[in-house]
Amino acid sequence: MSKITVINHPLIQHKLSILRDKNTPSKQFKELISEIGMLMCYEATRDLELMDCEVETPICTAKVKKLSGKKLAIVPILRAGLGMVDGVTALIPSARIGHIGLYRDPETLQPVEYYCKLPHDIEERDVIVVDPMCATGGSAIDAISLIKKRGPKNIKFMCTIAAPEGLKALQAAHPDVNIYCAALDDCLNDHGYIVPGLGDAGDRIFGTK
Ligand code: PRP
Ligand code: URA
């Protein structure tokens, strides 16, 4: 069964409290989503493999460690996942970025795919799928299924807020995918929104409501 890690660092909790506030304007919301993405990425990459190297400092030869193997691929689920990309790539500038476009049908809450473009060498990479929200889990499940068809080495899923229903579904569908979230909320409402949540992440990032 996949592991769920709630990254509840004080800085993340503080930023999340502003994110949840309905009066937070779109510009600040976007900045906070990116900053939280960066802080979460720091923790979600804790297990990256290192290799021993040597560098010449101005004083002598030093034994150092560098990341080993192929670099990462980051795959945001459009639209809202885009908001986390800048924060993650600030820490991992060499990461390749894939894009998966999914929207939730408002009636059925089922994800509808409209775009998929992944790095050509994704099978040699570790992948982190990013999306601020995991509600029913349908979007994350479908996005990860699409990526798995290309056979990457490893997939992690990173979201800001998750609902228990979404995590349960995601774990059942992809028991090999470890999940990182900043908050585990109470439940979903009748419209499939996370309670207390933060509303519609995509609309708040892009100011479309
Ligand atoms: C939101 C969010 C997730 C999805 C989560 O996207 O960014 O992708 O809903 O819901 P789920 O877990 O029930 O699938 P949305 O469909 O609103 O599209 P958008 O990002 O384009 O606004
Ligand atoms: N998508 C969102 O943007 N917010 C929710 O609460 C649920 C799904």
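I looked up Thr-160 and found it buried, with a relative accessible area of 0%; buried means under 20% relative accessible area, with a 1.4 Å probe and protein chains only. The model is predicted, so I note that local features need pLDDT of at least 70 and side-chain atom pairs count only at pLDDT 80 or more, whereas totals for chains, interfaces and linings use all residues. Residues are numbered from 1 along each chain as its sequence is written, chains are lettered from A and ligands numbered from 1 in the order in which they are written, and side-chain values use heavy atoms, with hydrogens and water left out.

Thr-160 lies in strand E10, strands being DSSP runs (E) of at least two residues and helices runs (H or I) of at least four, numbered from the N terminus. Leaving aside neighbours within four places in sequence, I find Thr-160 in contact with residues including Leu-16, Ile-33, Met-40, Met-84, Asp-131 and Cys-181, where contact means heavy atoms within 4.5 Å.

I then turned to helix H3 (residues 82-91), whose buried residues are Gly-83, Met-84, Val-85, Gly-87, Val-88 and Thr-89. These buried residues pack against strand E10 (154-162), among other elements that include helix H2 (26-44) and helix H6 (201-206).

For the whole protein I noted six helices and 13 strands. Of its 209 residues, 46% count as buried, and residues 24 or more positions apart account for 64% of the contacts with a separation of 6 or more. The C-alpha atoms fill a box of roughly 65 × 35 × 30 Å, taken along the principal axes.

Technical notes: Buried means under 20% relative accessible area, exposed over 50%, partly exposed in between (1.4 Å probe, protein chains only).
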